[in-house]
Amino acid sequence: MIPAMPATTLTSRRASLAALRFGRLASMGVVALLILVAGVWASWGSAQYVMLTKGREHGTIEVARCAREVCSGPYTPLSHGSVARDRVVIEKTVAVRKGRTYPVVVKPGSAEVVLSGRAGVLYAWVPMGGALLLASVVVAGGLRRTRFAWVLAGSGIALLTAAFVTI
């Protein structure tokens, strides 16, 4: 037979386990939150120009040249007050191909443009979709909240799929 433990040892063991459990939940919660904040931060760099369009220059770019990281071409204005430019630059992605024309928004004070419209909004939020997928793994494994993890993963998959289909 196993000898009975004194009450103080049992109480201290329970307290230690509770502290470890709380520490795990707190640290994994912070990690998941940081991943989501980083996803929003990465997405907002482009999304702000696409989503908050009031007073911004709208037009189209006809992609003439592509280098390693950027493509360029002439800009044709569509909004009032926007001026034509001989050359603007857009980030080279799977969505941008030489010889095609894309609706864009000009970043203020630069010759850089970002995709606009539904495709531009979805493409701008792709980093957030990846962050949702990564956070779902942390939530499922570290926090052991599988239902919430499935919601995060489903949201990330939906966002990435919508961006893929739209672009």
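Q: Which residues of the largest nonpolar core touch the most other members?
A: The model is a predicted one. Its largest nonpolar core has 17 residues. Those that touch the most other members are Ile35, Trp125, Met128, Val139, Leu152 and Leu159.

Q: Which element gives the most residues to this core?
A: The elements that give two or more residues to the core are α1 (7-51), α2 (117-124), α3 (126-141) and α4 (146-166). With six residues, the element that gives the most is α3.

Q: Which residues is leucine 152 in contact with, leaving aside its neighbours within four places in sequence?
A: Leucine 152 is one of the core members that touch the most others. Once its neighbours within four places in sequence are left aside, leucine 152 has as its contacts Leu132, Ala135, Ser136 and Val139.

Q: How many residues are in the other core, which lies apart from the largest one?
A: The other core includes Ile61, Val88, Ala95 and Val113.

Q: Is serine 43 buried or exposed?
A: Serine 43 has its place in helix α1. Not counting residues up to four places away in sequence, serine 43 touches Ala124, Trp125, Pro127 and Met128. The cut-off for a buried residue is under 20% relative accessible area. Because its relative accessibility is 0%, serine 43 counts as buried.

Q: Which residues does valine 126 touch, not counting those up to four places away in sequence?
A: Valine 126 is found in helix α3. Its relative accessibility is 26%, so valine 126 counts as partly exposed. Beyond four places in sequence, the residues that valine 126 touches are Leu160 and Ala163.

Q: How far apart in space are valine 126 and phenylalanine 148, C-alpha to C-alpha?
A: In sequence, valine 126 and phenylalanine 148 are 22 residues apart. From C-alpha to C-alpha, their separation in space is 20 Å.

Q: What is the phi of arginine 144?
A: Arginine 144 lies in the loop between α3 and α4. At 57% relative accessibility, arginine 144 counts as exposed. Although arginine 144 is not a glycine, its phi is positive, at about 55°.

Q: Which two cysteines form a disulfide?
A: A search of the whole structure finds one disulfide. Its sulfur atoms are 2.1 Å apart, and the residues that form it are cysteine 66 and cysteine 71.

Q: What is the handedness of the link between cysteine 66 and cysteine 71?
A: Cysteine 66 stands opposite cysteine 71 in β3. The angle about the S-S bond is 105°. The link of these two cysteines is right-handed.

Q: Is cysteine 71 buried or exposed?
A: Its disulfide partner is cysteine 66, which is partly exposed with a relative accessible area of 33%. A residue must be under 20% to be buried. Because cysteine 71 has 0% relative accessibility, it counts as buried.

Q: How many residues lie between β2 and β3 in their hairpin?
A: Strand β2 (residues 65-66) and β3 run antiparallel, joined by two bridges. They form a hairpin, and the number of residues between them is three.

Q: What is the bridge partner of glycine 73 in β4?
A: Five bridges pair β3 with β4 in the antiparallel sense. The partner of glycine 73 in β4 is valine 88.

Q: How far does the backbone nitrogen of histidine 58 lie from a polar atom of the side chain of serine 79?
A: Serine 79 lies in the loop between β3 (70-77) and β4 (85-91). It is buried, because its relative accessible area is 19%. Leaving aside neighbours within four places in sequence, serine 79 is in contact with Arg56, Glu57 and His58. The distance from the backbone nitrogen of histidine 58 to the polar side-chain atom of serine 79 is 3.0 Å.

Q: How far apart do the C-alpha centres of domain 1 and domain 2 lie?
A: The protein chain is divided into domain 1 (57-115) and domain 2 (116-166). Between the C-alpha centres of domain 1 and domain 2 the distance is 28 Å.

How values were computed
Residues are numbered from 1 along each chain as its sequence is written. This is a predicted model: local features need pLDDT of at least 70, side-chain atom pairs count only at pLDDT 80 or more; totals for chains, interfaces and linings use all residues. Side-chain values use heavy atoms; hydrogens and water are left out. A nonpolar core is a set of buried Ala, Val, Leu, Ile, Met, Phe, Trp, Tyr and Cys residues joined through side-chain atoms within 4.5 Å. Buried means under 20% relative accessible area, exposed over 50%, partly exposed in between (1.4 Å probe, protein chains only). Helices (H or I, at least four residues) and strands (E, at least two) are DSSP runs, numbered from the N terminus. Contact means heavy atoms within 4.5 Å. A polar contact is a pair of N or O atoms within 3.5 Å; within protein, one must be able to donate a hydrogen and the other to accept it, and residues adjacent in sequence count only if both atoms are side-chain atoms. A disulfide is a pair of cysteine sulfur atoms within 2.5 Å. Two strands pair if DSSP finds at least two bridges between them. Domain bounds come from an automatic or database domain assignment.
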